[in-house]
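Colleague: I would like to check the labels on this model one by one. Can we set each value against its cut-off?

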Amino acid sequence: MSVLVPDFPTYVELTENFRKQQKDQLAFDVTNEALEKEIRTLMFELEDIQDTQAAAEIRSELESIWEFKNDYSPLDNWLAVQEQKRELKKLA
């Protein structure tokens with residue numbers, strides 16, 4: 001059975017819309033704005049924590065996540081922030 005393969009310009013023309021859709025941001029993609037908002041919210045919550053040593057450690061971790069956010073994927077950054085959020089909830 002032989003399959004006809006379209007020439008490259010035809011293939012690009014047929015798949016262009018699909019490729020453009022893949023580049024669009026999806027609703028569940030994590031943006032820098034969402035990451036920053038989550039970090040700021042957690043930093044604000046840290047002000048109420050009585051255990052200053054534990055709060056300082058979490059604050060340091062959050063600052064590191066933000067500082068090195070470009071070295072990791074958005075999902076990895078988001079998961080790291082969520083881990084710190086769980087640690088914060090243990091202190092509250």
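Colleague: What makes Arg86 and Glu83 a salt bridge?

Modeller: This is a predicted model. In it, the closest N and O atoms of Arg86 and Glu83 are 2.8 Å apart. The cut-off is 4 Å between a side-chain nitrogen of Lys or Arg and a carboxyl oxygen of Asp or Glu. The pair is within that limit, so the name applies.

Colleague: Where do Arg86 and Glu83 sit relative to one another?

Modeller: Both are in helix H4, three residues apart, so about one helical turn separates them.

Colleague: Why is Arg86 called partly exposed?

Modeller: Its relative accessibility is 46%. Buried means under 20% and exposed means over 50%, so a value in between is partly exposed. Glu83, at 33%, also counts as partly exposed.

Colleague: How do you know that Lys90 pairs with Glu87?

Modeller: Their closest N and O atoms are 3.3 Å apart. The limit is 4 Å, so this is a salt bridge. Lys90 and Glu87 lie in H4, three residues apart, about one turn of the helix.

Colleague: Why is Lys90 called exposed, but Glu87 partly exposed?

Modeller: Lys90 has 62% relative accessibility. Glu87 has 28%, which falls in the partly exposed range.

Colleague: Which residue does Lys89 bridge to, and which parts of the chain does the pair link?

Modeller: Lys89 bridges to Glu45, with the closest N and O atoms 3.5 Å apart. The pair links distant parts of the chain: Lys89 is in H4 (residues 74–91), Glu45 in H2 (residues 32–46), 44 residues apart. Lys89 is partly exposed at 47%, and Glu45 is partly exposed at 26%.

Colleague: How many salt bridges does the structure hold?

Modeller: Five, among them the Lys89 pair.

Colleague: What about Lys69: buried or exposed, and what is its nearest opposite charge?

Modeller: Lys69 is buried yet has no salt bridge. The nearest side chain of opposite charge, Glu36, is 7.7 Å away. Lys69 lies in the loop between H3 and H4. Not counting residues up to four places away in sequence, Lys69 touches Asn32, Leu35 and Asn77.

Colleague: How do you know that the length of H2 agrees with a helix?

Modeller: At 1.5 Å a residue, its 15 residues should span 21 Å. The end C-alpha atoms are 21 Å apart, which agrees.

Colleague: Which residues of H2 are buried, and why say they line one face?

Modeller: Leu35, Glu38, Ile39, Leu42, Met43 and Leu46 are buried. Seen down the axis of H2, they fall within an arc of 135°, so they line one face of the helix. What covers them includes H3 and H4. The face turned away from that buried side carries the exposed residues Glu33, Lys37, Arg40 and Phe44.

Colleague: Why is Asp48 called exposed?

Modeller: Its relative accessible area is 59%, and the threshold is over 50%, so Asp48 is exposed. Asp48 is in the loop between H2 and H3. Asp48 and Ala92 are 44 residues apart in sequence and 8.5 Å apart in space, C-alpha to C-alpha.

Colleague: Where is confidence lowest, and where highest?

Modeller: Lowest is helix H1 (residues 8–23), at a mean of 76. Highest is helix H3 (residues 52–67), at 92. The protein chain averages a pLDDT of 83, and 87% of the residues score at least 70.

Technical notes:
Residues numbered from 1 in each chain as written. Predicted model: local features only at pLDDT ≥ 70, side-chain atom pairs only at ≥ 80, totals over all residues. Heavy atoms only, no water. Helix = DSSP H or I, 4+ residues; strand = E, 2+ residues; numbered from the N terminus. Buried < 20%, exposed > 50% of the residue type's maximum accessible area, 1.4 Å probe, protein only. pLDDT = per-residue confidence, 0-100. Lys, Arg positive; Asp, Glu negative; His and termini not counted. Contact = heavy atoms within 4.5 Å. Expected span 1.5 Å × (residues − 1). Arc of directions from axis to C-beta.
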